[in-house]
Each structure stands twice: as structure tokens, then as C-alpha cells.
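Today I am looking at a nonpolar core and at charged pairs.

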Amino acid sequence: MAVQHWAETLKKAKKTALISDGKRKVHYLFEDGNEMAEEYDLKTDELVLRKWRHKTTFGGHGEWTWEVGETNPNGLTSDLIKESSSNPLFMRKDTKTSFQWRVRNISYPIEVYSVSAEPTERCCVIRTSNKKYYKKFSIPDLDRCQLPLESAALSFTHANNTLIISYKKPKEILTLEQELLGELKKLKGTSEGDIDCKTQ
């Protein structure tokens, strides 16, 4: 079963934990050389960030790519050009029970939006009837565990110029996340300053 395979991959990964800024920061080094970094809120245990770095063809390290959380919390890009605050900003921010995505700076009335699951393409699609916004995105967590994409699990709402899309986590994912969190809490987490952390 693919869920078990992913659970085993996580267990076998070399993990380093760091407690800093009210967060549990965990770095995973997988057997294939790929890396994953996660940050959990210490009070709520919610995942606030997940990013990946894959080995390049020549064995070097690629760039970090964000899966969960804001790519640039301060809105600055690497060359210090500020993103336009009026452009729609797409990001993922999960809750305990749902995978959740937010599109900020998008002010159309709720009836303009449609959000659909495309099981054959293994992605979700956001469309607006006025043709002003279109976004296709996948749910890597489901792909890693080879779980089906269910239309019934998808819902959306709109408030404060933000479109919020939720996908109810399947029970297999909830169980896996609980088990993983239990494991991570057992890791000896050093406080900032005690360790030279490569992921920073």
C-alpha cells in the first residue's frame, strides 16, 4: 500500500530537529538524497511550512521549492523586487483536518468562482466565469500516498478579498500525520544556537 510506503520512507529518513521562534523545525534527508524541511507551530502542532530540495542530475543541490506556507512571507523576491500587492497571491496553508489553499487579492463575488477536482489529471482547477483568474494545482500528499482525488472533499469560500479552498483530508492522511507528529515529538530538538542547521 502506497500510504505505508510513504510512511516507511519518512521513518527511514535522517531527521534533525530544531526548536526556534515558537516552531519545531524538522529537516529530512531521504535515502535518494532529496531533502524536505518542515515547520510546525509548537502550540497548535499545525504544519506551517514544507519545502523540498531535490538532487540535481549531477548530484548537486537544486533550489528549495515550497509545498506549504508562504514562499516569501515578507513579499520580497531574491532580487529585492517587491511583488505587486494587487496581484492574486496563491499559497497553501493547511489546517488539522483539511489541505487548504488561499488566493489573496481576489475580490470577485463568490458566484464568479468555480473550483473542481479533475481526478484523471490528478489536480484541482480554480476558474472564474469572467475569465480573469485560472489556476491548476495538485495535492502532492495524495499523490505520494496514491490516494484518489475526491470531488466531494473539495469546498470553497470567499471573504476579505481571499478565496479559500479546502480539501478534507482522507482518514489515511490523518492517521499518517498523527503517527508522524508522535515520532517528531520524540526527536531531541536542539534550541537555536546549539546547531549549525544546513536548511537555513
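Ground rules first. I am working with a predicted model, where local features need pLDDT of at least 70 and side-chain atom pairs count only at pLDDT 80 or more, while totals for chains, interfaces and linings use all residues. Residues are numbered from 1 along each chain as its sequence is written, and side-chain values use heavy atoms, with hydrogens and water left out.

Entry 1, the core. I looked up the largest nonpolar core and found 39 residues in it. For my own reference, such a core is a set of buried Ala, Val, Leu, Ile, Met, Phe, Trp, Tyr and Cys residues joined through side-chain atoms within 4.5 Å. Buried means under 20% relative accessible area, exposed over 50%, and partly exposed in between, using a 1.4 Å probe and protein chains only. Tyr28, Phe30, Ile126, Ile139, Leu142, Ile165 and Tyr167 have the most contacts inside the core. Helix H3 (residues 171-186) gives the most to this core, with five residues. I take helices (H or I, at least four residues) and strands (E, at least two) as DSSP runs, numbered from the N terminus.

I count a side-chain nitrogen of Lys or Arg within 4 Å of a carboxyl oxygen of Asp or Glu. The structure has 17 of these.

Glu35 sits in strand S3 (residues 35-41) and Arg53 in strand S4 (residues 47-53), so the pair ties together parts 18 residues apart in sequence. Both Glu35 and Arg53 are buried.

Arg50 and Glu67 meet in a salt bridge at 2.7 Å, N to O. Arg50 is in strand S4 and Glu67 in strand S5 (residues 65-68), so this pair joins parts 17 residues apart in sequence. Is Arg50 buried or exposed? I noted 7% relative accessibility, so Arg50 counts as buried. Glu67, at 15%, also counts as buried. Glu67 also bridges to Arg92 at 3.9 Å, N to O.
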